[in-house]
Amino acid sequence: MKLHYARRALLSATGAAWLFFAPVSRCQTQPRTEEVPLRQCDRLPVVTVRVDKTEMRFLVDSGATSILNSKSFSSGPAKDVAVTSWTGTTTTRAREISVAEFTLGEHTIRSLKLPAVDLSPIARACGGPIDGILGVDLLEQMGMSIDFQQRVARFAAPPAEPEEVSMISEMGDAMNGCSEAFNNADKKNLAECFDRDLVLNTPWGEYRGRENVLEYLNERFFSLKPTVQLYMKIHDQRAVGAVVWSSYDYTMDSRELHLAGRGMMLCHKLQDHWYILSIHDTLNPSEGERR
């Protein structure tokens, strides 16, 4: 079964969301309406925010839930954290960062808990620091909208640029081959899909490095007969330079196992080859794991 990509570069805020922890807000201020200037990273807007009184640069993504760059923040504890998407709420084992104050312009949200992942490839593609992704969850809490034509924070989703659509399509074609390799338990060709420093985050643990991930997949899935079949349906994709990140639903089926959930995958192109840099998967609460 091949990996099928719904190649929609940009989705409305109600139609898709990154699968990550739901931010927790206990106090919020909403002063008068204002305009906050936007800058540009490739084809995506960048805004300057203040996190605990420190200025930082965040990408703006109306189809995503807000996340932090783990390289910009001290690591929080690994714990079971509530995860919310438009399909419902589940839990996953991941790192969580506490933020006392998050400010955009004169709008402040206090007492947040946000997920942190390594966004270094996106920062490199932008040619400067990217400390996080400002998603629809925080924008809605602040009552902010985005005017892309005027390049100010006030929010109408921009049309996908041809270059972005082309980059996402190219990555999707490459990942089809990776899906076939997984479904055939073909470790040799699957290894060609993985970056050397790949990070795989699952409900059962975190695995770092290509060899460790392959060992985990071999022990957990490739030993099953018949082989496990993977199906993925993409809900939201973004491209910045040669980096693409995707959110998706997935199922994994065999006679001995059934898994269903959502995830996020970060890929980059290096010397005309696409590699998977990180995968963060969770289980649907209604599905769990059945054997």
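**View 1. Disulfide pattern of the chain.** Counting bonded cysteines along the chain, the disulfides follow the pattern 1-2, 3-4. The structure holds 2 disulfides, a disulfide being a pair of cysteine sulfur atoms within 2.5 Å. The model is predicted: local features need pLDDT of at least 70, side-chain atom pairs count only at pLDDT 80 or more, and totals for chains, interfaces and linings use all residues. Residues are numbered from 1 along each chain as its sequence is written, and side-chain values use heavy atoms, with hydrogens and water left out.

**View 2. The disulfide of Cys 41 and Cys 126.** The two sulfur atoms lie 1.6 Å apart. The S-S torsion of Cys 41 and Cys 126 is about -85°, so this disulfide is left-handed. Distant parts of the chain are linked: Cys 41 sits in strand β4 (residues 39–41) and Cys 126 in helix α1 (residues 120–126), 85 residues apart. Helices (H or I, at least four residues) and strands (E, at least two) are DSSP runs, numbered from the N terminus. Cys 41 and Cys 126 are buried, meaning under 20% relative accessible area (1.4 Å probe, protein chains only).

**View 3. The disulfide of Cys 178 and Cys 193.** Here the sulfur atoms are 2.1 Å apart. The link of Cys 178 and Cys 193 is left-handed, with -105° about the S-S bond. Cys 178 lies in helix α3 (residues 162–183) and Cys 193 in the loop between α4 (187–191) and β13 (194–202), so the pair ties together parts 15 residues apart in sequence. Both Cys 178 and Cys 193 are buried.

View 4. Cys 267 counts as buried, at 0% relative accessibility.

Key. Buried means under 20% relative accessible area, exposed over 50%, partly exposed in between (1.4 Å probe, protein chains only).
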